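Here is a walk through one structure, written for someone new to reading them. Take a look at it first, then follow along.

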Amino acid sequence: MKETIVIVGAGPAGVRAAETLVEAGLALIVLDESARAGGQIYRQPPHGAERPAEKLYGSEAGKARAIHTALEQIRPRVDYRPGTLVWNCFQGKLNTLHDNAQGILPFDRLIIATGAFDRVIPFPGWTLPGVFTLGGAQIALKSQGIAIGKRTVLVGAGPLLPLVASQYLEAGAEIAAVLDVTPFKAKIAALQRMMAMPAMVRRGLSYLSKIRRAGVPMMYGVRSLAVAGDRRVEGLAWTDHRGRRHQVACDAVGASFGLKPEMQLADLAGCDFRFDELTRQWLPVVGAGGRSSVPGVYFAGDCSAIGGADVAELTGIRAALSVLEDRGTPKPQQLRQLETELARHARFRAGIEAAYPFPNHLIDGIDDSLMVCRCEGVSAGDLRANFVKSGAPEVNRLKSFTRVGMGRCQGRVCGAVAAEILAAKSGLPLPEVGRLRGQHPIKPIPLVAGKQS
Amino acid sequence: MDKISVDVAIVGGGIMGCSAALALRKAGLTVALFDKGLCGAQASGVNAGGVRQQGRHVTEMPMTRRAAKIWPRLHEILGEDIEFRQVGHMRLARSEADVEMLEKHAAMAREHDLHLQLLSGKVVQEMFPWVGRKIAGASLAVEDGHANPRLVAPAFARAARAHGADIREFTPVESAQWTGQHFEIEAPDLQVKARHLVNAAGAWAGKFLSLFGESAPLTLRTPNLFVTEPVSYFMTKSIAVCGGAVYFRQVERGNVVLGGGPGWGDLTIERARNRADTTLGQFQRAAELVPELEGLQIIRSWSGLEGDLPDKLPIVGMSRTTPNLIHAFGFCGHGFQLGPAMGEIICELVCEGRSQTPIDAFCISRFDTQAVEQKRTAGATH
Ligand SMILES: Cc1cc2nc3c(=O)[nH]c(=O)nc-3n(C[C@H](O)[C@H](O)[C@H](O)COP(=O)(O)OP(=O)(O)OC[C@H]3O[C@@H](n4cnc5c(N)ncnc54)[C@H](O)[C@@H]3O)c2cc1C
Ligand SMILES: Cc1cc2nc3c(=O)[nH]c(=O)nc-3n(C[C@H](O)[C@H](O)[C@H](O)COP(=O)(O)OP(=O)(O)OC[C@H]3O[C@@H](n4cnc5c(N)ncnc54)[C@H](O)[C@@H]3O)c2cc1C
């Protein structure tokens, strides 16, 4: 039977899924918003600005090259459409935008491999020019080969923090401080679980020693962050785990607090979601073999739960194998081994999540004056005051009254924080205040009359 | 099990139910209102916010005029700003035939003391240079405008509660029956005894017809809406087009809200969505009229669940099978403006069995087999 199989995302997950399906002799379409394949971690600089893989990806150069080559090799046999944003999924059809032209793509099977993005928590000064996410800081380095500032402070709550710090140092950028908002003792406690993947731990330790050797102050259990400066970043102040106040001068801050799956497409496709207590976020329900709750829709990579690049490759293959299985191919041999490997990664991941617990103290410390939704100019005080007046028992209601999450980002950045603030103010458990309902477009799209692809 | 007894029970906390609750309390009756979710979270909370009299069917004129007198002081009645702005509403004519239609409509409206300004294509171009060239003329309703739908029904609910109404959210009414003396109404863990029952259940109102042996050809309507990124304010009027293909307006903060055509919805799962194909078509038509819209980014889209009837007019009035049962539903995509008047009308129906505003045209009996044969009266243009 001739089916249209579509993969959205050409990161490690999407590429491995595509490769597996091509090897099985299937025709498929791969859509990716980026101009070049590789996804977040193996992002490639624009054509003409190439740099050696070792410089860009460090220890991961081999894996990066493998992903890029894998796509090049299958390219003659897949319909790969870079620069194509998928902005809606409804009743078995995708709406796409390529070069300002609208397209409609009906599918029979869909592998969602849209990856993840930085989780943001506001702190005083977070909207000032010069404040970026850690991912943004990394993208600047990978795609343009530049640092976000002359003297940068990096702040985080996940493995991306030491990684980006060491990448910046590698590139010769000056780092004023590396601040981890989660406690050091959490890492010690989680070490045993992380040892499920000793190589990963070694790699992590090598980043840390690089930071140490460079003489950059690295602190844990940091709280009460505040950017200094009126018009742009001039410094960053914080309180250390002993309660001492610090301040350094800097012209850029890279700060984000873990990752958040890019799951709007899953939402629009009608997939079920569940609340994940550990990471305090809503995640799509992932069934056996990466299947979603919607028949014919599969997940691969970080878009349904954060696992990192290696897991993305494995779950990419797994989603493809599930497609094959659902098409009537006998259960592939590979699958058992794949699941064993994924189980080991899952133990490691549990260790990572424990090593970097969600920084509740940052949420608790959000002052009334702090801007939560920068698109619509809604402060934490606005949200709290509205709850007192309206009694909004869930976050869509709060949105409806205050406009939080109604701007360009559609709550991708502020939605989860608004929910945290509402839960804290109302005393309701976080899952009960819910999550913002998804509507298209996934990202703002320009409307140009009459252009159809 | 909670047991309560009231003069009037209202099913539905949309703008109709909530404004009725306030009016009834002001008339001194005891009132309980039930919504299965939150007040104003359905059609009343997600509509396009158009507060418009022009373009309405002749039978709706008394009702819309009554509402128009309330809107300018609604913020005082409710004690909060509901972002009502009388920016003016302009219907564009693309052909001479359209112009003729506007003239006829204006003559009809004048009889109801609504004075529409007829503008030639040239005048439109001079006064509103952002309107594209293909305009044959326009009709301007200076009193019309828009309000923030997300605020209005909840504000009515708050005001009603402040006046002593018993407003119960997350309370789905599951059954209701007339005992001969009163209604017995049931919701989870709740029994209600009421002398009067108001069916203001919006798109779900059919349930409260069948419970009382009535029927109407009520279907689902899901208007398609979307909004652009904010751009500097240039579109000083709300816009609609003869033929009704698209309508749009710009809010002060700069976003342009566009609507027209069908979205998608499902009453059982209570979900409505915008249809991308409709949106793209609507946008194209809007950009033909206002070229500056071209290239704007759309940031958000939605739809809502609204009751629809074949003649595009609501059902408002007494039940024909059951005493003391009042219906007010099926507003076919244009009930927001009517809401503030509807509360008073419902109150009059409860207190006196009739309203001072003519509403006979909205009687449920018009859908009896023979009535259906009769053709829809001319002039309805929404
Ligand atoms: C900024 C950032 C930096 C990261 N850096 C690292 C790192 O250095 N090391 C590490 O181990 N992990 C890193 N991660 C974690 C990362 O998520 C995984 O390592 C890995 O990239 C996941 O692979 P993936 O294939 O699931 O998704 P991704 O690699 O993120 O690929 C997803 C692809 O989908 C495309 N896409 C998404 N939505 C749409 C849409 N609607 N329409 C069309 N295309 C779409 C994107 O353009 C992207 O190419 C980073 C994450 C982020 C957000
Ligand atoms: C997308 C859209 C755009 C629109 N644009 C405009 C516009 O620009 N201008 C205009 O004038 N009009 C507009 N309308 C129409 C207007 O919104 C409606 O006519 C009006 O809001 C109807 O109000 P209502 O109270 O009857 O219905 P709703 O607001 O839907 O209220 C009905 C309520 O009944 C409750 N309910 C139902 N069954 C039960 C039960 N068994 N137990 C308890 N509660 C129950 C529901 O939860 C709901 O809250 C639009 C409508 C939509 C959907």
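Two strands count as paired if DSSP finds at least two bridges between them. The helices (H or I, at least four residues) and strands (E, at least two) are DSSP runs, numbered from the N terminus. This is a predicted model, where local features need pLDDT of at least 70 and side-chain atom pairs count only at pLDDT 80 or more, while totals for chains, interfaces and linings use all residues. Residues are numbered from 1 along each chain as its sequence is written, chains are lettered from A and ligands numbered from 1 in the order in which they are written, and side-chain values use heavy atoms, with hydrogens and water left out.

**Sheets in chain A**

Let's start with the five-stranded one. In chain A, five strands make an open sheet in the order 3-2-1-7-20, with parallel pairing. Strand 3 (79-82) and strand 20 (297-299) of chain A sit at the edges with a single partner strand each, so one side of each has no neighbour in the sheet. From one strand to the next, the twist averages 15°. (Angles like this run from 0 to 180 degrees between N-to-C directions, and the axes are lines fitted to C-alpha atoms, for helices over the stretch in contact.)

Zoom in on one pair: strand 2 (residues 29-32) and strand 3 of chain A are joined in the parallel sense over four bridges. Leu31(A) has Arg81(A) in strand 3 of chain A as its bridge partner. What holds strands together in general? Strands of a sheet pair through backbone hydrogen bonds, either parallel or antiparallel.

Helix 1 (residues 12-23) of chain A lies across strand 1 (5-8), strand 2 and strand 7 (109-112) of chain A, and runs at about 160° to strand 1 of chain A. Contact here means heavy atoms within 4.5 Å.

Chain A also has an open sheet of three strands, in the order 13-14-15, and this one is antiparallel. Its edges are strand 13 (223-228) and strand 15 (245-249) of chain A, each with a single partner strand, so one side of each is left without a neighbour in the sheet. Strand 13 and strand 14 (residues 235-239) of chain A pair in the antiparallel sense over four bridges, and Ala228(A) has Gly235(A) in strand 14 of chain A as its bridge partner.

Then there's a hairpin. Strand 5 (residues 93-98) and strand 6 (residues 101-106) of chain A pair in the antiparallel sense over six bridges. Two residues lie between these strands of chain A, and Asp99(A) in the hairpin has a positive phi near 55°.

**The two ligands**

A residue is near a molecule if one of its heavy atoms lies within 4 Å of it. Ligand 1 has 32 residues around it, and Asp32(A), Gln40(A), Gln138(A), Leu163(A) and Asp302(A) come nearest. Ligand 2 has 36, with Asp35(B), Ser44(B), Gly50(B), Val173(B) and Glu306(B) coming nearest.

The table lists some polar contacts (pairs of N or O atoms within 3.5 Å; within protein, one must be able to donate a hydrogen and the other to accept it, and residues adjacent in sequence count only if both atoms are side-chain atoms).

| Ligand atom | Protein atom | Distance |
|---|---|---|
| Ligand 1, nitrogen | Glu33(A), polar backbone atom | 3.0 Å |
| Ligand 1, oxygen | Gln138(A), polar side-chain atom | 2.7 Å |
| Ligand 1, oxygen | Ala309(A), backbone N or O atom | 3.1 Å |
| Ligand 2, nitrogen | Gly333(B), polar backbone atom | 3.2 Å |
| Ligand 2, oxygen | Gly335(B), backbone N or O atom | 2.9 Å |
| Ligand 2, oxygen | Gln337(B), backbone N or O atom | 3.0 Å |

The protein covers 97% of the 1000 Å² of accessible area that ligand 2 has on its own. Such areas come from the Shrake-Rupley method with a 1.4 Å probe, and for residues only the protein chains shown count as cover. Which element gives the most residues to the shell around ligand 2? That's helix 2 of chain B, with three.

Asp189(B) isn't a glycine, yet its phi is positive, near 60°. Asp189(B) lies in the loop between strand 10 (183-187) and strand 11 (190-199) of chain B. Is Asp189(B) buried or exposed? Asp189(B) is exposed, with a relative accessible area of 59%. (Buried means under 20% relative accessible area, exposed over 50%, partly exposed in between, with a 1.4 Å probe and protein chains only.)

Cys332(B) also has a positive phi, near 50°, but Cys332(B) is buried, at 2% relative accessible area. Finally, the peptide bond from His440(A) to Pro441(A) is cis, with omega near -5°.
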